Amino acid sequence: MAAPAVAAPPADLKPDPELELWFKSLRQPATGRLCCSISDCRFVDVWTRDGHYEVEIDGWRYTVPANRIIAGIANPTGKAVACYAFSEFRPPRSAGIVYHGPQDVREILCFIPPRPTS
């Protein structure tokens, strides 16, 4: 019997019960399903291009689908947050093989823009 996989919360996040409740309350805008948990969410660098958010995950830029943006809620972290899961796994790279994208593709489940500065 295999042990379940457990992801650790982001290393730069200090334990905070209220923040944990906030992460657990996040729901995907299009489906209403949970965004998962704090273990699936990370602070990310964010850019806007052509009216869309782009985030960097493990050195690769992803365009955030509009139906994954949770807008209009307070973001107590003050940072951009992306909750994501792996959606495609490629075999390890062989010698001479060059991928022009990430080896393992991430699907953005939810995105919370950073709190606007006042």
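Guide: What follows is a set of questions about the labels used for this predicted model, each with the reasoning behind the answer.

Visitor: What makes up the protein, in terms of helices and strands?

Guide: There are 1 helix and 6 strands. Along the sequence they follow the pattern α-β-β-β-β-β-β.

Visitor: Why is S2-S3-S4 called an antiparallel sheet?

Guide: Two strands pair if at least two bridges are found between them. S2 and S3 (residues 52-57) have 4 bridges in the antiparallel sense, and S3 and S4 also pair in the antiparallel sense over 4 bridges. Both pairings therefore meet the requirement of at least two bridges. Within them, Thr48 stands opposite Tyr53 in S3, and Glu56 stands opposite Arg61 in S4.

Visitor: What makes S2 and S4 the edges of this sheet?

Guide: Strand S2 (46-49) and S4 each have a single partner strand, so one side of each is without a neighbour in the sheet. The sheet of 3 strands is accordingly described as open. From one strand to the next, the twist averages 35 degrees.

Visitor: Why is the contact between Glu54 and Arg49 called a salt bridge?

Guide: The rule asks for a side-chain nitrogen of Lys or Arg within 4 Å of a carboxyl oxygen of Asp or Glu. For Glu54 and Arg49 the N to O distance is 2.5 Å, so the pair qualifies. Arg61 also forms a salt bridge with Glu54, with the closest N and O atoms 3.2 Å apart, which is again within 4 Å. By this rule the count comes to 4 salt bridges.

Visitor: How do you know whether Glu54 is buried or exposed?

Guide: Buried means under 20% relative accessible area. Glu54 has 5% relative accessibility, so Glu54 counts as buried. Arg61, at 46%, lies between the cut-offs of 20% and 50% and therefore counts as partly exposed.

Visitor: What does the salt bridge between Arg68 and Glu107 tie together?

Guide: The side chains of Arg68 and Glu107 meet at 3.3 Å, N to O. Arg68 lies in the loop between strand S4 (60-63) and S5, and Glu107 lies in strand S6, so the pair ties together parts that are 39 residues apart in sequence. Arg68 is buried at 17% relative accessible area, whereas Glu107 is partly exposed at 34%.

Visitor: Which residues does Val81 touch?

Guide: Leaving aside residues up to four places away in sequence, Val81 touches Phe23, Cys41, Arg42, Phe43, Val44, Asn75, Cys110, Phe111 and Ile112.

Visitor: What makes the phi of Asp58 worth a remark?

Guide: Most residues other than glycine have a negative phi. Asp58 is not a glycine, yet has a positive phi of about 50 degrees. Asp58 belongs to the hairpin of S3 and S4, which has 2 residues between the strands. Asp50 also has a positive phi of about 50 degrees and is not a glycine; Asp50 is in the loop between S2 and S3.

Visitor: Why are Asp50 and Asp58 called exposed?

Guide: Exposed means over 50% relative accessible area. Asp50 has 72%, so Asp50 is exposed. Asp58 has 53% and therefore also counts as exposed.

Visitor: How many of the residues in the whole protein count as buried?

Guide: Of the 118 residues, 31% count as buried. The protein exposes about 7900 Å², of which carbon and sulfur atoms supply 55%. Among contacts between residues at least 6 apart in sequence, 64% join residues at least 24 apart.

Methods: Residues numbered from 1 in each chain as written. Predicted model: local features only at pLDDT ≥ 70, side-chain atom pairs only at ≥ 80, totals over all residues. Heavy atoms only, no water. Contact = heavy atoms within 4.5 Å. Buried < 20%, exposed > 50% of the residue type's maximum accessible area, 1.4 Å probe, protein only. Axes fitted to C-alpha atoms, helices over the stretch in contact; angles between N-to-C directions. Areas by Shrake-Rupley, 256 points an atom, 1.4 Å probe, with all protein chains shown as cover.
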